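Have a look at the structure first, then read on.

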Amino acid sequence: MHCLFSACGALRVRAKATAIRGPPSLNMFPAGKLPGGCRAIRAHHLRHRSVNGASPNLAFVPACLPPHPVEVEELQRFVSNSKKLFVMTGAGISTESGIPDYRSEGVGLYARSDRRPVQLAEFVRSASARQRYWARNFVGWPQFSSHQPNTAHLVLRHWEELGKLHWLVTQNVDALHTKAGSQRVTELHGCTHRVFCLTCGDQTSRSELQEHFEALNPSWKAEALGVAPDGDVFLTDEQVRNFQVPACRQCGGILKPDVTFFGDTVYSGYRFALAAREKQLPIAVLNIGPTRLDHFASLKLNSRCGELLPLIVAH
């Protein structure tokens with residue numbers, strides 16, 4: 001098995017079956033039992049996409065050169081030499097769908113703003129923090145939920161159909177792999193399309209909660225001042241002041257998206273790469289810019305996932 005890891009627009013690949021990216025957007029490595037704490041996705045309510053992706057939205061993709069023929073040849077050799085691939089993806093693979101990430105040079109949230117995502121402890125203890133979070137998420141949800149898979153997502157689904165991709169683990173919470181039609185997927189950090197109660201565990205869909213928000217806030221309106229990752233937008237404290245947040249309909253508890261917050265317990269994708277290295281599996285990394293895996297990757301590629309992956313023939 002080989003491993004492929006892709007991060008903020010790049011993909012890392014190990015000769016045997018591992019792929020990882022810088023915040024991983026795609027990882028591949030030898031198949032086996034997944035570590036504890038991984039959540040398998042359910043793909044029943046999201047639309048599948050055809051093989052042809054829409055034109056890429058590069059607003060949040062770091063600048064990079066087109067794939068060099070040598071890079072294409074090296075990745076082709078890596079994929080061809082593996083019977084099965086374990087792939088791990090991160091924020092970089094979704095930037096070409098128009099979803100910003102946190103750390104991309106020049107275009108990520110941290111480069112564009114001094115704003116930071118809400119911490120789990122603050123969300124749990126502070127009603128005003130939850131009001132601020134949900135007001136911003138309410139405004140951002142229509143656009144965020146409408147994002148569609150790009151070419152890279154569709155290529156990975158095709159590799160799965162061919163039997164080349166054994167399993168895909170994603171750190172993304174946008175459900176784009178599911179929308180693309182992938183079935184063998186684990187959502188390491190959850191999915192924004194689900195919401196659950198911190199007290200009783202009752203689950204509901206995010207689209208259903210959006211309708212509840214609308215019913216509670218019929219006259220509330222706010223225009224976003226900027227776009228952030230994971231469906232977040234920029235609003236002022238004055239804009240969110242009168243926004244009403246519903247409680248769990250079953251027990252009155254706190255509702256939280258079924259995603260890992262900053263400060264929450266996280267199973268880092270980096271540990272998959274370390275496990276692959278310990279097993280001496282080949283690793284390839286596809287990422288625009290340096291990553292923490294570069295020093296032990298067999299192959300490092302600096303290209304857009306959606307530009308390089310379609311050039312690879314999986315068989």
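Phe138 is buried, at a relative accessible area of 11% (buried means under 20%, exposed over 50% and partly exposed in between, using a 1.4 Å probe and protein chains only). This is a predicted model, where local features need pLDDT of at least 70, side-chain atom pairs count only at pLDDT 80 or more, and totals for chains, interfaces and linings use all residues. Residues are numbered from 1 along each chain as its sequence is written, and side-chain values use heavy atoms, leaving out hydrogens and water.

**Ring pairs**
- There are 13 aromatic pairs here, counting rings of Phe, Tyr and Trp (its six-membered ring) with centres within 6.5 Å; planes under 30 degrees apart are stacked, over 60 edge-to-face, and the rest tilted.
- Phe138 and Phe213 make an edge-to-face pair, because their ring centres are 5.8 Å apart and their planes sit at 70 degrees.
- Phe213 is buried too, with a relative accessible area of 0%.
- Tyr270 and Phe296 form a tilted pair, with centres 6.4 Å apart and planes at 45 degrees.
- Tyr270 is buried at 18% relative accessible area, and Phe296 is buried at 12%.

**The cluster**
- One aromatic cluster brings together Phe123, Tyr133, Trp134, Phe138, Phe213, Trp220, Phe243 and Phe261.

**Charges over rings**
- Lys256 lies over the face of Phe261, 4.4 Å from the ring centre (the rule: NZ of Lys or CZ of Arg within 6 Å of the ring centre and within 35 degrees of the ring normal).
- Arg277 has its charged end over the ring of Phe296, 4.6 Å from the centre.
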